[in-house]
Amino acid sequence: MFHRPPQIDTPEEALTPEQERVIRKFRRFSSISMLVMVLGVAAVFGVIGYRMIRAKPLASGEMTALLPKGSRIVSTAVSGDVVVVAIELNGATEIRTFDARTLAPAGRLRFAVEP
């Protein structure tokens, strides 16, 4: 049904020194290009792995933060690894910050009116 094309045995011609030089240059360029690509991919995976190992999980569980008597929470916000709580106490505003990962108090900022 199908005919195969006749196989032609052609002797392979020897390459000239100029052609061999071009082939060596191309192989070297291809090897360097492949090495750079492999190093780049390894660097990306290395950074991803490092960040996954280094990342700390968010705190789980419960915490009770004691507020001064008569105070009320005005607002809350989360920014990065910080939880910010604005409190009003006797007409003055106070901002308390907590570490989102450990829920430990991180700081306190009080606002007062000048006399």
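Q: Two strands count as a pair if DSSP finds at least two bridges between them; how do you know that β3 and β4 belong together in this way?

A: Five bridges join β3 to β4, and the definition asks for at least two, so they are a pair, running antiparallel.

Before going on, a word on the model. It is a predicted one, where local features need pLDDT of at least 70 and side-chain atom pairs pLDDT 80 or more, while totals for chains, interfaces and linings use all residues. Residues are numbered from 1 along each chain as its sequence is written, and side-chain values use heavy atoms, leaving out hydrogens and water.

Q: What makes residues 82-89 and 92-99 strands, and how do they pair?

A: Strands are DSSP runs of E with at least two residues, helices are runs of H or I with at least four, and both are numbered from the N terminus. These two stretches are β2 and β3, which pair in the antiparallel sense over eight bridges. Leu 89 stands opposite Ala 92 in β3. The whole chain has one helix and four strands, in the order α-β-β-β-β from the N terminus on.

Q: Why are β1 and β4 called edge strands?

A: The open sheet has the order β1-β2-β3-β4. Both β1 (72-79) and β4 (105-110) pair on one side only.

Q: What makes a space a pocket, and which strand gives the most to the lining of the largest one?

A: On a 1 Å grid over the protein atoms alone, a pocket is an open set of points with protein on both sides within 12 Å along at least five of seven lines, whereas a cavity is a set where a 1.4 Å probe fits but cannot get out; lining residues have an atom within 4 Å of a point. β2 gives the most, with three residues. Among the lining residues are Val 83, Val 85, Ile 87, Arg 96, Phe 98 and Leu 103. Leu 103 also sits in the turn of the β3-β4 hairpin, with a positive phi of about 65°.
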